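Please find below my notes on the model.

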Amino acid sequence: MSDINWPALQSAAQQAAAQAYAPYSQFPVGVAVLAESGNIYTGCNVENASYGGTVCAERNAIAAAVVAGERKFRALLVYTPQPALTPPCGICRQVIAEFFSPDAPVASCNHLQQQQLWTLGELLPAAFTPTYLANSSKVGA
Ligand code: THU
């Protein structure tokens with residue numbers, strides 16, 4: 001974990017937050033994910049007039065990485081330019097758990113240079129992961 005370039009992730013997430021489309025909440029979010037390949041991918045939140053159509057920065061960052069061919073990740077960082085350090089929402093935690101191991105670091109930081117660090121396992125213990133489907137007895141199939 002010490003070999004993760006957190007300043008690079010923070011800089012990338014901060015730039016992504018500047019692109020956030022958040023006219024309804026006025027709550028811009030930027031996320032950077034570090035893939036096993038070493039590449040960094042970013043996402044911002046994209047809101048919608050039909051509020052349920054909003055997609056969080058975390059899911060947009062992961063989608064950008066997946067379309068580039070990534071499947072495994074080492075770290076995720078959330079940037080929000082406001083005092084409270086923002087953790088990923090519940091839906092995003094589930095999506096993160098699809099591709100990150102429980103010991104993967106998930107960080108949050110803000111414009112005040114404050115940071116908080118969790119593991120994914122702390123944020124989403126006993127996650128439902130692809131393993132459960134792989135080990136199912138396929139009843140009815
Ligand atoms: N949001 C994110 O993008 N990520 C989070 O972890 C928390 C919430 C967005 C969704 C919405 O556009 C705005 O923040 C307010 O909920």
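1. Helices (H or I, at least four residues) and strands (E, at least two) are DSSP runs, numbered from the N terminus. The model is predicted, so local features need pLDDT of at least 70 and side-chain atom pairs count only at pLDDT 80 or more, while totals for chains, interfaces and linings use all residues. Residues are numbered from 1 along each chain as its sequence is written, and side-chain values use heavy atoms, with hydrogens and water left out.

2. In H1, the buried residues are Trp6, Leu9, Gln10, Ala12, Ala13, Ala16 and Ala17. They fall within an arc of 165° seen down the axis, so they line one face of the helix (the arc is that of the directions from the helix axis to the C-beta atoms). Exposed Pro7 and Gln15 sit on the face turned away from that buried side.

3. The buried residues of H1 pack against S1, strand S2 (40-44), S3, strand S4 (105-110) and strand S5 (115-119) (contact means heavy atoms within 4.5 Å).

4. In helix H3 (residues 90-99), Cys92, Arg93, Ile96 and Ala97 are buried. Their arc around the axis is only 145°, which puts them on the same side of H3. These buried residues pack against helix H2 (57-67), strand S3 (73-80) and helix H4 (120-123).

Terms used. Buried < 20%, exposed > 50% of the residue type's maximum accessible area, 1.4 Å probe, protein only.
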